[in-house]
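Trainee: Please show me how to read a structure, one feature at a time.

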Amino acid sequence: MEKIPHLDHHHHHHYHHREQPVPTKRNGRDFPSDDGDYQSGFGNSFESEAISGALPRGQNSPLLCPYGLYAEQLSGSSFTSPRKLNQRSWFYRIKPSVTHEPFKPRIPSNEKLASEFDKTNSRTTPTQLRWKPMEIPDSPTDFVDGLYTVCGAGSSFLRHGFAIHMYTANKSMDNCAFCNADGDFLIVPQKGRLWITTECGKLQVTPGEIVVLPQGFRFAVDLPDGPSRGYACEIFGTHFQLPDLGPIGGNGLAAPRDFLVPKAWFEEASRPGYTIIQKFGGELFTAKQDFSPFNVVAWHGNYVPYKYDLKKFCPYNTVLFDHSDPSINTVLTAPTDKPGVALLDFVIFPSRWVVAEHTFRPPYYHRNCMSEFMGLIYGGYEAKADGFIPGAASLHSCMTPHGPDTKTYEATIARGNDAGPYKITDTMAFMFESCLIPRICSWAVESPLLDADYYQCWLGLKSHFSHEADVKSNSV
Ligand SMILES: O=C(O)Cc1cc(O)ccc1O
Ligand SMILES: [Fe+2]
């Protein structure tokens, strides 16, 4: 009879610090600090083992797994999804996830979370909205307590829709893990690093990077820098893809190899009173267990958490005249069933050269059938001279007029036709754009952070109209 090997030796993982090492020791957990500490690629079939030989070869469910591990599958798509959309991973873990006490409503709950949007929890308005950055609280607040929904559409129950959240927090999650049963999170930290432990391993996410935590993954967020703030969008019923590149060709925008996926990491020690916090239908539930959910010794599959450094994005844009539609800067897109119509596009406005001739270079004045939520990670935004600072947010819903503020317009015209090429530097704005029309959570409409004077930034735009043909035009 085959002998079952046992967990009889300790696991030591050595990370290689090529440049200056960052402090990565905390609670005995060391976090990866450079790209080589991850696997790379988008949509790959990945595999990783923290102890060699822990991953079964040739099959997923051996009668007895190596080292006495349990096999467990996490399905991120229906079993029968077509191959190109089919996502699942296999975990080989010390105890299966099911080994816990019953889920109970969490007390206190988080009343500011929503996964369905209707008249009971949200309002609708076509007006332009802008929120000042939320202050980071003084009272101890972890990532789960500090998460609040700003707006959204559709329903997690019906597997179609999205929610936009923000978070402010100042302390690491303690003896608990979060699991979002409703959808995939795309998190955009604006202040403070996130040390995220997942069932696949650990990720260090710095402002300027993003992280995607797909539906169902258990994860814990540590805040090594303390005060932290950021944005998160959540999508129901689909996953992010890389956009097609069309005539751009085989390269450009976000490159698959720049997406980084963790390597297997596990903890074995018993953890009395450990809590799983499950977000289910926008409500929080907790279940107790006596071990860490980060007990996956080896895994393989294509359903994975990943991070991406926005500075690696290779922008394509106008090289002669006119302003491109912002879709040219799409990092990731979550599709609907309609071709080219996104449930959620994640678009960025990175540092870039601006060279267009005889062109109004900032974003054009616009009304859009899609709805646009924007945030700013650092620097300034091309269309807003004032008021839109890092940590702020704006929402221009379906067909709501928007565009450069008066100061930006006047400065652009004053600069005239001879501006020449210049570089917009040290900036990273982004947009979550959806074909669904968001409702705004009641608290966000009533919030003192809502900038009641936002509309005034456009009121100074005055008529330059004259019946004399072409007085000021500098078009060709
Ligand atoms: O500022 C915005 O509203 C986003 C945006 C940017 C851009 O370059 C063109 C169109 C657009 O909606
Ligand atoms: Fe727009």
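Predicted model: local features only at pLDDT ≥ 70, side-chain atom pairs only at ≥ 80, totals over all residues.

Trainee: Which domains does the chain have?

Mentor: Domain bounds come from an automatic or database domain assignment. Here that gives domain 1 (101-293 + 302-310) and domain 2 (312-453). Their centres, taken over C-alpha atoms, are 24 Å apart.

Trainee: How many residues does each domain bring to the contact?

Mentor: Two residues are in contact if their C-beta atoms, placed from the backbone, lie within 7 Å. Domain 1 brings 51 residues and domain 2 brings 49 residues.

Trainee: Which element gives the most to the side of domain 1 that touches domain 2?

Mentor: Strands (E, at least two residues) are DSSP runs, numbered from the N terminus. E10 gives the most to that side, with six residues. By class, that side of domain 1 has 27 nonpolar, 16 polar and eight charged residues. Ala, Val, Leu, Ile, Met, Phe, Trp, Tyr, Cys and Pro count as nonpolar; Asp, Glu, Lys and Arg as charged; the others, Gly among them, as polar.

Trainee: What should I look for in a core?

Mentor: In soluble globular proteins, nonpolar side chains tend to be buried together. A nonpolar core is a set of buried Ala, Val, Leu, Ile, Met, Phe, Trp, Tyr and Cys residues joined through C-beta atoms within 7 Å. The largest one here has 105 residues, and Phe430 is among those with the most contacts inside it. Strand E25 (residues 342-354) gives the most to this core, with seven residues. Phe430 touches Val188, Phe346 and Met374, among others, not counting residues up to four places away in sequence.

Trainee: Is His323 buried, exposed or partly exposed, and why?

Mentor: Count the other C-beta atoms, placed from the backbone, within 10 Å: 20 or more is buried, 12 or fewer exposed, in between partly exposed. His323 is partly exposed because it has 17. UniProt places "active site" there, in an unreviewed entry; such annotations may be inferred rather than shown by experiment. His323 is in the loop between strand E23 (306-309) and strand E24 (330-335).

Trainee: Which residues are around ligand 1?

Mentor: A residue is near a molecule if its C-beta atom, placed from the backbone, lies within 6 Å of it. The shell is Pro326, Pro363, His366, Glu372, Ala383, His396, His402 and Met431. Four are nonpolar, three polar and one charged.

Technical notes:
Residues numbered from 1 in each chain as written. Chains lettered and ligands numbered in written order. Helix = DSSP H or I, 4+ residues; strand = E, 2+ residues; numbered from the N terminus.
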